[in-house]
Amino acid sequence: MNSPVLVLKDALKRESGSKVHHANIQASKAVADIIRTTLGPRSMLKMLLDAGGGMVVTNDGNAILRELDVAHPAAKSMIELSRTQDEEVGDGTTSVIVLAGEMLHVAEAFIDKNYHPTVICRAYNKALEDAVSVLDKIALTVDVKDRSTMSGLVKSCIGTKFTSQFGDLIADLAINATTTVGVDLGEGLREVDIKKYIKVEKVPGGQLEDSNVLKGVMINKDVVAPGKMRRKILNPRIILLDCPLEYKKGENQTNAELLREEDWSVLLKMEEEYIQSLCVQILKFKPDLVITEKGLSDLACHYLCKAGVSAIRRLRKTDNNRIAKACGAVIVNRPDELQESDVGIGAGLFEVRKIGDEFFAFVVDCVNPKACTVLLRGASKDLLNEVERNLQDAMSVARNIIKNPKLVPGGGATELTVSAMLKQRSSSIEGIEKWPYEAAAIAFEAIPRTLAQNCGVNVIRTMTALQGKHANGENAWIGIDGNTGDVADMKERKIWDSYTVKAQAFKTAIEAACMLLRIDDIVSGIKKKQAPGAGQVPSKPKIEEEGDADNEQMIPE
């Protein structure tokens, strides 16, 4: 079998005229072959070396393909699929590539028989509609408030990841974080914004078991004056600002001409009074902690210290938003607009702790926080990076279930059920679309087949047993246990998949396959680079003869 990289290079050489379809299919298959072995719980890991000399060990489809440097446009399109899947639903990045590669592979036979790509695409789209209707039929609705079901689902989704060896830890972290930041939109809908309101803070050192979800926010900052300001405050009153607590600098370069010596002292006094007035306006509300996104001058620091108020400056806007969500404060742009309702009183504790060599400020024990920080501890940075990637996937799965609480069987059972149902329906389809429709049904079997290959079991026997169980569209929950390779009931083994992830994977894979099949020519607008020194050969002067003048073509204006 050719190496995927060699096939990719081979596909690059033959992209002209009628062979474009074959080139695109070869390039797509090569990308699928690269990550085929990373599907399932017993999958292989890939070691990625980047240009800067860094190293990443992972089996996350998107993380691997992100590092690939390919020249073929079809291969780039396939890599984009994985990124789309990751952004939309956060899981199923490997499945979508394997499925899209298989869809294109089965279409190659029809291209050779001179089937028009539009006919194949029509059959594929029909197959997609029927596949989604089958998913709707076999999906189970779950109770989001049932912790054990949620935990089982998230665990089965991250069972294929590196962190599955740490048991319930990652699943618990993901569920705690997503349930914390969930917001009710009414009509039974909930919105979970992972990107904005969940911050993953990685601190090397300690054990992975020390990782936890804080009921509040943690930031990598210390107070402005560590010796003078309090580092631990119970039930703090927090004021959040988006303005500098220092003298205003002019927008443009300003020159002031002073004629008398006293004017200079007046100018300095005005600056001091301005800062004092800012601090007085803030101290009116008796805060314990003032946090600003901008600068804080020494004089302002002095006034705040005198009043026994702790201060943190130059905080990121995103962190400020999280603190506001956690403690119920409102970020204020001007101190003179402060109101009592803007003060955050939801936090139970403000504390600055030293972890390793750095100081971290904690605003924790919040009442009903709508933002949180996941603190990850671990032996090395590589381990923490992989745990963070897996945690992101787990949180995405938990979010998908909260938004759309439907489950489908995992372990390739869904794909086999879809395949069996499509094979049955293909007999009722008239015309030449019947054959590509049937081929699409067979392509869905790529997922359970790849799972069987990665388990190390006899693929032909296992697939035959599975197809026998699913022959009449019955036994929708019979699939392959990725750990042992046994043919088993997925409901008993608690191997689930999120409906949202599966539906998105099917749609993305088939639509991408249709798009690539409809490309019949690649027109390059890139100029070929000349070999060094090739353009420097002086050309011989051409002498125009009398007969040449008549042969010149007229160029229209």
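User: At what angle do helix α4 and helix α19 pack, and how far apart are their axes?

Analyst: This is a predicted model. Two packed helices are described by the angle between their axes and the distance between the axes. For α4 (residues 73-88) and α19 (residues 499-517), the angle is about 160° and the axes are 11 Å apart.

User: Are α4 and α19 roughly parallel or roughly antiparallel?

Analyst: The angle between α4 and α19 is about 160°. Angles over 145 degrees count as roughly antiparallel. The crossing of α4 past α19 is right-handed, and the two helices are therefore roughly antiparallel.

User: How do the residues of the contact of α4 with α19 divide by class?

Analyst: On the α4 side the contact includes A74, M78 and L81, and also Q85 and E88. Among the residues they meet in α19 are V501, Q504, T508 and L516. The division is 8 nonpolar, 4 polar and 1 charged.

User: How are α7 and α13 oriented to each other?

Analyst: Helix α7 (residues 147-157) packs on helix α13 (residues 381-403) at about 135°, with 9 Å between the axes. Roughly antiparallel would need an angle over 145 degrees, and roughly perpendicular one of 65 to 115. The pair is therefore oblique.

User: How many nonpolar residues does the contact of α7 with α13 have?

Analyst: The crossing of α7 and α13 is right-handed. From α7 come M150, L153, V154 and C157, and from α13 come A394, V397, A398, I401 and I402. No polar and no charged residues take part, and the nonpolar count is 9.

User: Is T292 buried or exposed?

Analyst: T292 lies in strand β11, residues 289-292. Buried means under 20% relative accessible area. T292 has 0% relative accessibility, so T292 is buried.

User: Which backbone oxygen does the side chain of T292 reach?

Analyst: Leaving aside residues up to four places away in sequence, T292 touches L241, C243, I312, R313, R314 and L315. The side chain of T292 comes to 2.7 Å from a backbone oxygen, that of C243.

User: What is phi of N368, and where is N368 found?

Analyst: Most residues other than glycine have a negative phi. In N368, phi is positive, near 50°. N368 is exposed because its relative accessible area is 55%, where exposed means over 50%. N368 is found in the loop between β15 (358-364) and β16 (372-378).

User: What is the relative accessible area of K494?

Analyst: K494 lies in the loop between α18 (490-493) and β20 (496-498). Phi of K494 is positive, near 55°. K494 is exposed, and its relative accessible area is 54%.

Technical notes: Residues numbered from 1 in each chain as written. Predicted model: local features only at pLDDT ≥ 70, side-chain atom pairs only at ≥ 80, totals over all residues. Heavy atoms only, no water. Helix = DSSP H or I, 4+ residues; strand = E, 2+ residues; numbered from the N terminus. Buried < 20%, exposed > 50% of the residue type's maximum accessible area, 1.4 Å probe, protein only. Polar contact = N/O pair within 3.5 Å; in protein donor to acceptor, adjacent residues only side chain to side chain. Contact = heavy atoms within 4.5 Å. Axes fitted to C-alpha atoms, helices over the stretch in contact; angles between N-to-C directions. Parallel < 35°, antiparallel > 145°, perpendicular 65-115°, else oblique. Left-handed = near helix turned anticlockwise from the far one by under 90°. Nonpolar A, V, L, I, M, F, W, Y, C, P; charged D, E, K, R; others polar.
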